[in-house]
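Have the model open as you read.

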Amino acid sequence: MHYPGYNTGDVILSEGEWYPFRIHNLVQLQDHAWYYVLQDPNGLKHFMPAEFYMNYGLNTGDAVLCKIDRINCTGRIFIEPEHPLYRIGEIYPFDLVAGPADGSADRIIVSDLYKNCIEVPVYDKKITHGEAGVKVMCKVLNIKKGKPILEISINNSLFID
């Protein structure tokens with residue numbers, strides 16, 4: 001979906017594409033939640049919930065690269081800023097938080113560097129050992145609301161096919 005904006009801007013924002021935004025302000029709205037006010041390349045302002053990005057080190061005046069995650073039917077734009085630590089498509093070690101040692105799980109839980117707990121599907125792999133604290137190599141498929149969406153890397157000593 002495309003978003004032509006409410007002005008005569010030159011840039012048409014498209015889902016899945018990355019654009020530079022400027023952090024205009026941080027405000028608290030009537031719902032008592034904090035929001036970043038981001039200004040798009042056309043000068044239009046958009047709200048982004050701050051609660052998911054508090055570890056990002058975002059400050060007023062900063063330029064930040066953002067992906068247009070979704071544009072709904074009313075034209076509201078859902079923005080995902082570039083993660084400061086993880087890149088989509090790359091493989092990183094994550095700490096195993098929970099995974100049964102008997103291999104019966106269809107998912108494990110890992111922790112990222114910000115201590116977010118993330119469920120990772122196991123699919124057709126069997127767990128050979130699952131002690132907490134073990135590093136699990138995972139590929140970042142996407143990032144939503146500041147948390148990586150992961151899959152287990154093919155070369156991983158924690159699992160067998």
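Leu96 has Val110 in E9 as its bridge partner. That belongs to the antiparallel pairing of strand E8 (residues 91-98) with strand E9 (residues 107-111), which runs over 3 bridges. Strands here are DSSP runs of E with at least two residues, numbered from the N terminus, and two of them pair if DSSP finds at least two bridges between them.

E9 also runs antiparallel to strand E10 (residues 117-121), joined by 5 bridges. Ile109 has its bridge partner, Glu119, in E10. The hairpin of E9 and E10 has 5 residues between the strands, and Lys115 there takes a positive phi near 70°.

A word on the source: this is a predicted model, where local features need pLDDT of at least 70, side-chain atom pairs count only at pLDDT 80 or more, and totals for chains, interfaces and linings use all residues. Residues are numbered from 1 along each chain as its sequence is written, and side-chain values use heavy atoms, leaving out hydrogens and water.

Now the rings: the structure holds 5 aromatic pairs (Phe, Tyr or the six-membered ring of Trp, centres within 6.5 Å; planes under 30 degrees apart are stacked, over 60 edge-to-face, the rest tilted). Two of them are these:

| Pair | Centre distance | Plane angle | Type |
|---|---|---|---|
| Phe52 and Tyr53 | 6.1 Å | 80° | edge-to-face |
| Tyr86 and Tyr92 | 5.0 Å | 75° | edge-to-face |

Ring pairs also link Phe52, Tyr53 and Tyr56 into a cluster. Tyr53 counts as buried at 2% relative accessibility, while Phe52, at 30%, counts as partly exposed.

Note on methods: Helices (H or I, at least four residues) and strands (E, at least two) are DSSP runs, numbered from the N terminus. Buried means under 20% relative accessible area, exposed over 50%, partly exposed in between (1.4 Å probe, protein chains only).
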